[in-house]
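Colleague: I have not seen this chain before. Please walk me through the model.

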Amino acid sequence: MKNILLIEGESGSGKTTIADILSKKYGLSSIQSYTTRKPRYLEETGHTFISKEEYMRIPADTMIAKTEFDGNYYCATTDQVEKNDVYVIDPAGIEYFKKVYHGGKTVIVIYLTASEDERYRRMIGRHDSEEKVKARIDNDRTAFAKAESY
């Protein structure tokens with residue numbers, strides 16, 4: 001594919017679900033970003049879970065998108081972008097991506113929305129703690145304030 005689809009949206013908006021549908025129904029491949037956070041549940045998709053030590057060994061000049069949230073690091077590499085079609089990403093990651101990506105793909109940003117009530121139900125449904133859900137919703141109000149302008 002000549003495009004890279006950057007899917008962004010607040011926590012619980014359905015980003016990973018959409019990426020999975022694009023993969024299963026349309027054969028698009030998704031980047032499994034590197035993260036230092038622990039999996040939320042067994043067989044969680046969307047990330048390659050690594051230690052902070054492993055993360056620090058990823059060459060900085062290969063990181064095409066990187067961000068930090070809740071003390072955890074996330075990134076993808078140029079090689080991953082060139083070999084895949086879809087990337088679930090946050091606004092900070094998009095800003096970084098647009099600054100450093102100089103590959104041949106056209107960047108298309110897709111912004112997903114869902115009401116706070118729906119997102120709350122989804123996150124509780126995936127067994128996130130109420131404390132974590134409230135913190136993510138509070139964080140998202142700030143982190144996504146300018147998201148629609150991308």
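What follows is a set of questions and answers on the fold and on a few residues.

Colleague: What kind of model is this, and how many helices and strands does the secondary structure of the chain come to?

Modeller: The model is predicted. Along the sequence, the elements follow the pattern β-α-β-β-α-β-β-α-β-α-β-α-α. The secondary structure comes to six helices and seven strands.

Colleague: How does the radius of gyration of the chain stand against the globule rule?

Modeller: The globule rule gives 15 Å for 150 residues. The chain is close to that value, so it is as compact as a globular protein of that length. Its C-alpha atoms fill a box of roughly 40 × 35 × 30 Å along the principal axes. The radius of gyration of the chain is 15 Å.

Colleague: What share of the residues of the chain count as buried?

Modeller: A residue is buried when its relative accessible area is under 20%. The accessible surface of the chain comes to about 8700 Å², with 51% of it belonging to carbon and sulfur atoms. Of the 150 residues, the buried share is 39%.

Colleague: Which share of the contacts with a separation of 6 or more comes from residues 24 or more positions apart?

Modeller: Take the contacts in the chain with a separation of 6 or more. Residues 24 or more positions apart account for 62%.

Colleague: How far apart are the mean positions of the positive and negative charges of the chain?

Modeller: The chain has 23 positive and 24 negative charges.

Colleague: Is V81 buried or exposed?

Modeller: V81 is found in helix α3, residues 78-83. Beyond four places in sequence, V81 touches I4, I31, I64, F97, Y101 and K105. Buried means under 20% relative accessible area. V81 has 0% relative accessibility, so it counts as buried.

Colleague: How far apart in space are V81 and K24, C-alpha to C-alpha?

Modeller: In sequence, V81 and K24 are 57 residues apart. In space, C-alpha to C-alpha, the distance is 19 Å.

Colleague: Where is F144, and which residues does F144 touch beyond four places in sequence?

Modeller: F144 has its place in the segment after α6. At 9% relative accessibility, F144 counts as buried. Leaving out residues up to four places away, F144 touches E8, G9, E10, P91 and Y111.

Colleague: Which side chain makes a polar contact with the side chain of Y111?

Modeller: Y111 lies in strand β7, residues 106-112. Its relative accessible area is 22%, so Y111 is partly exposed. The polar contact is 2.8 Å, and the partner is the side chain of E10.

Colleague: How far apart are the C-alpha atoms of Y111 and P91?

Modeller: Both Y111 and P91 are among the residues that F144 touches. Along the chain, Y111 and P91 are 20 residues apart. Their C-alpha atoms are separated by 9.9 Å.

Colleague: With which residue does the side chain of D128 make a polar contact?

Modeller: D128 lies in the loop between α5 (116-125) and α6 (130-143). D128 has a relative accessible area of 12%, so it is buried. D128 also touches R40, M123 and V133. The polar contact is 2.9 Å, and it joins the side chain of D128 to that of R126.

Colleague: Is E43 buried or exposed?

Modeller: E43 lies in the loop between β2 (33-35) and β3 (47-49). The cut-off for exposed is over 50% relative accessible area. E43 reaches 70% relative accessibility, so it counts as exposed.

Colleague: What are the phi values of E43 and D70?

Modeller: Most residues other than glycine have a negative phi. E43 has a positive phi, near 65 degrees. D70, in the loop between β4 (63-69) and β5 (72-77), also has a positive phi, and its value is near 55 degrees.

How values were computed
Residues are numbered from 1 along each chain as its sequence is written. This is a predicted model: local features need pLDDT of at least 70, side-chain atom pairs count only at pLDDT 80 or more; totals for chains, interfaces and linings use all residues. Side-chain values use heavy atoms; hydrogens and water are left out. Helices (H or I, at least four residues) and strands (E, at least two) are DSSP runs, numbered from the N terminus. The radius of gyration is taken over C-alpha atoms; the globule rule is 2.2 Å times the number of residues to the power 0.38. Buried means under 20% relative accessible area, exposed over 50%, partly exposed in between (1.4 Å probe, protein chains only). Contact means heavy atoms within 4.5 Å. Accessible areas come from the Shrake-Rupley method with a 1.4 Å probe; for residues, only the protein chains shown count as cover. Lys and Arg count as positive and Asp and Glu as negative; His and the chain ends are not counted. The place of a charge is taken as NZ of Lys, CZ of Arg, CG of Asp or CD of Glu. A polar contact is a pair of N or O atoms within 3.5 Å; within protein, one must be able to donate a hydrogen and the other to accept it, and residues adjacent in sequence count only if both atoms are side-chain atoms.
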